[in-house]
Amino acid sequence: MSPRVYNIVFHTHTISGIIISVLLYVIFFTGTLSFLRDEINAWERNEPIAEGYFERIDFDRTLKQLEAETQLYSRDINFSQRFFERRITTFMSPPKDTTLQKEARQGGRRRNFFYLDTEEFTKRDYTGNYSMGELFYRLHFFAPLNFYSISGYYLAGLVSLLFLFAVVTGIIVHWNKIVSAFFVFRPGAKWKTIWTDAHVALGVIGLPYQFMFAFTGVYFIVGYSVMLAPVKDFLFDGNADKMNESMVYEKRPDYPFEGKPLEKTVSYNTYIVQARDKWPDMEINGMQLINYGDANMHVKVMGVPSYNDALSGGGYVTYRVSDNIAVDEKDPYGDTPYIQASSNLLARLHFGDFGGYGMKIIYLVLGFITCFVILSGVMIWLVARDKKNVSSSKRTFNTWLVHIYMAVCLGMYPVTAFTFITVKLFADDFPDDRKGFIYTVFFWSWLVLALLLLLKRNTGFTNRATLFLGGALGLLVPVASGIKTGNWPWISLSAGYSQIFVVDIFWISLSVIAFAVLLKMRKKTGT
């Protein structure tokens, strides 16, 4: 590579990285926490569940309770467990019986979608069901910034594209010495050398992970948020129905509403059992009732293969209730269409929902390593420009910029621990606006801490303060859980509440690491 081309690639890598560094750090920090989304929700709500929870739900009892307060006749009712949590997503279509449609319209569309806890039989809307797991998951693609249409998604898509570009250019810049530089670390050298060694070594370790996340992030954000509109206009002449039809990989038979009540008693649990007997290893995660209470009522049971068997695919079996005959099915272990297989594979790689806790630990470690790689790149940029030939005004600007970056990024650690404690202790007092409470605690505490750290204008102090605060508050997270629910870590472990135990151990581990780093820093500085 000629020196001119190298310089172009080097500077584009540097500029693209420094432009997106804070936003990229937020994406990776919250995205890494999102690998524990289900565990965080179970810990926050004190609602741990075991494998196979959905198929053990008593749907006979659930539907009787729903029918006691809502007119269900002639509706299509969908129960699904999108995430591994106790509250299942429930959607009811408007009644197909025209004599019942006026009453249904008065209730509005919002009444037809809710989260249902089938054990306590409580229904919550999106705001009341909001959680910290949802916050981190949504924040990692900037959903809270959708002030104008899907502006937050556009921003996340732009950052993903620039990140993919930064990864590729970084490989090109370091290609000739990528192996030798990986084994070099000089802690006694000047700061630029230390940051460069750490940046390269950890960047190489996380390179496949970072490239995979950059690629899949672009696919999900840019592909779905940005490209669908022009694809619809140019390939399908603006016909959304035609485009949606081409993207569907599952046939949808029509089961017309007959308008005659079903003359038999139905046990919906039986259909779950039949589907389980048909495919014993399938993870059942959904059930659809079509034409509820009608003579042409059908029950569709859905599921996916265990990740031990396949990373993609899905299946279902549909029963005609009048004679209990299976009229349609798709083998979850059969051939998977290309669209479904590719989309499922990219999703599983992005969300890390395969391989159990072993894979989650790998994803967590690589995610936090990427956060360090981002910050080390910022420090390299600052130290490389702290020279006498750079004007005083530019050096001042660069220093202030890095102070802001470090305060915002490093402040997320203690703020997240503080949010866990506060939400655990007080969020139940705001059942109707849980989302507003979580937003207030997280974003305002983040802003206040960042401003306080900026007043000090010392990157070293920011590093030490956030490590100490994060470590101290992190140790209080399991304490808050124990005080509120009585589920101390040893009790959760003995009771088999693995989700709650994992969150407690996660915070204890982070605190131990934070204090170990602080102790190492103190020994090095001699203070």
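User: Which residues of α2 meet α16, and what counts as a contact?

Analyst: Contact means heavy atoms within 4.5 Å. Helices (H or I, at least four residues) and strands (E, at least two) are DSSP runs, numbered from the N terminus. In this case Ile-40, Trp-43 and Glu-44 of α2 meet Phe-420, Val-423 and Lys-424 of α16. This is a predicted model, in which local features need pLDDT of at least 70 and side-chain atom pairs count only at pLDDT 80 or more, while totals for chains, interfaces and linings use all residues. Residues are numbered from 1 along each chain as its sequence is written, and side-chain values use heavy atoms, with hydrogens and water left out.

User: At what angle do α2 and α16 pack?

Analyst: Axes are lines fitted to C-alpha atoms, for helices over the stretch in contact, and angles run from 0 to 180 degrees between N-to-C directions. Helix α2 (residues 37-45) packs on α16 at about 40 degrees, and the two axes are 9 Å apart. That angle makes α2 oblique to α16; angles under 35 degrees count as roughly parallel, over 145 as roughly antiparallel, 65 to 115 as roughly perpendicular and the rest as oblique.

User: Is α16 largely enclosed or left open by the rest of the structure?

Analyst: Buried means under 20% relative accessible area, exposed over 50%, partly exposed in between (1.4 Å probe, protein chains only). Helix α16 is largely enclosed, because 12 of its 15 residues are buried. Among them are Phe-420, Val-423 and Lys-424, which also meet α2. The helix covers residues 412-426 and reaches 20 Å from its first C-alpha to its last, close to the 21 Å expected at 1.5 Å a residue; the expected span is 1.5 Å times one less than the number of residues.

User: Where is Leu-36, and what does it contact?

Analyst: Leu-36 is found in the loop between α1 (3-34) and α2. It is buried, with a relative accessible area of 3%. Apart from neighbours within four places in sequence, Leu-36 is in contact with Lys-360, Leu-364, Val-502 and Phe-506.

User: How do α9 and α13 cross?

Analyst: A crossing is left-handed if the near helix is turned anticlockwise from the far one by less than a right angle, and right-handed if clockwise. The axes of α9 (residues 207-226) and α13 (residues 338-351) come within 9 Å and cross at roughly 125 degrees, and the two helices are therefore oblique to each other. The crossing is left-handed. Residues of α9 including Phe-213, Tyr-219 and Phe-220 take part in the contact, as do Leu-346 and His-350 among those of α13.

User: In what order do the strands of the sheet lie?

Analyst: Two strands pair if DSSP finds at least two bridges between them. Eight strands form an open sheet in the order β4-β3-β2-β1-β5-β6-β7-β8, with antiparallel pairing. Strands β4 (122-124) and β8 (325-330) stand at the edges, each with a single partner strand, so one side of each lacks a neighbour in the sheet. From one strand to the next, the twist averages 25 degrees.

User: Which strands are joined to β2, and by how many bridges?

Analyst: Four bridges join β1 (residues 77-80) to β2, and Asn-78 stands opposite Phe-91 there. A hairpin of six residues connects β1 to β2. Five bridges join β2 to β3 (residues 113-117), where Thr-90 has Phe-114 as its bridge partner. Strand β2 (residues 87-92) is mostly covered, with five of its six residues buried.
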